[in-house]
Amino acid sequence: MGDFDDLIAANRSFARAFHLGGFDGRANAGVAIVTCMDSRIDPLAMLGLKHGDAKIFRNPGGRVTPEALEALVLGVHLLGVDRVLVIPHTRCAMTANTEEELKRKITESSGTDAWWHSFRVVDDQIARLHEDVHKVRAHPLIPHTTKVGGFVYDVDSGLLEQVE
């Protein structure tokens, strides 16, 4: 059995009932979400959205990185996005460790020196959320008419709290 056979089999089952073919790729609800890669987050479900409603960009910590900004610019100008939600979450590993702790843990786990790598830990989640929202609002290629909000998702209750 191959390393991915279980996933390929699940994909075949998914494809038998697939109904999204032919979709134009626009964000039908005009929404873009920047959030964490954490598997406890279901970005569409937590906002009552369905496939095709939103553009979703995920990374460790749910930060607005240069790559996230690139995705948002494309979303706003080409894919129907007019609302942006930046959504980090509670109990995030990126807030629970210092840069040094992560480097040590990765070095120990991998057996390879990871001290050269930056992991972009989040020292103050709310302060970084305000910064990230400002980055989006201030970007010269994102129109001032785009609505941008900062939220924190609680992974234990499922509730979203607007911070900005």
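Buried, in what follows, means under 20% relative accessible area, with exposed over 50% and partly exposed in between, using a 1.4 Å probe and protein chains only. By that cut-off, 37% of the 164 residues in the chain are buried.

Some ground rules. This is a predicted model, where local features need pLDDT of at least 70, side-chain atom pairs count only at pLDDT 80 or more, and totals for chains, interfaces and linings use all residues. Residues are numbered from 1 along each chain as its sequence is written, and side-chain values use heavy atoms, leaving out hydrogens and water.

Now the overall layout. The chain has 6 helices and 5 strands, in the order α-β-α-β-α-β-α-α-α-β-β from the N terminus. These are DSSP runs numbered from the N terminus: helices are H or I with at least four residues, strands are E with at least two. The C-alpha atoms fill a box of roughly 50 × 45 × 30 Å along the principal axes. Taking a contact as heavy atoms within 4.5 Å, 64% of the contacts with a separation of 6 or more join residues 24 or more positions apart.

Next, strand β4, residues 147-153. It is largely enclosed by the rest of the structure, because 6 of its 7 residues are buried. Two strands pair if DSSP finds at least two bridges between them. Strand β3, residues 83-87, pairs with β4 in the parallel sense over 4 bridges, and R83 stands opposite K147. Strand β5, residues 160-162, pairs with β4 in the antiparallel sense over 3 bridges; here V152 has E161 as its bridge partner. β4 and β5 form a hairpin with 6 residues between them, and G158 in the turn has a positive phi of about 85°.
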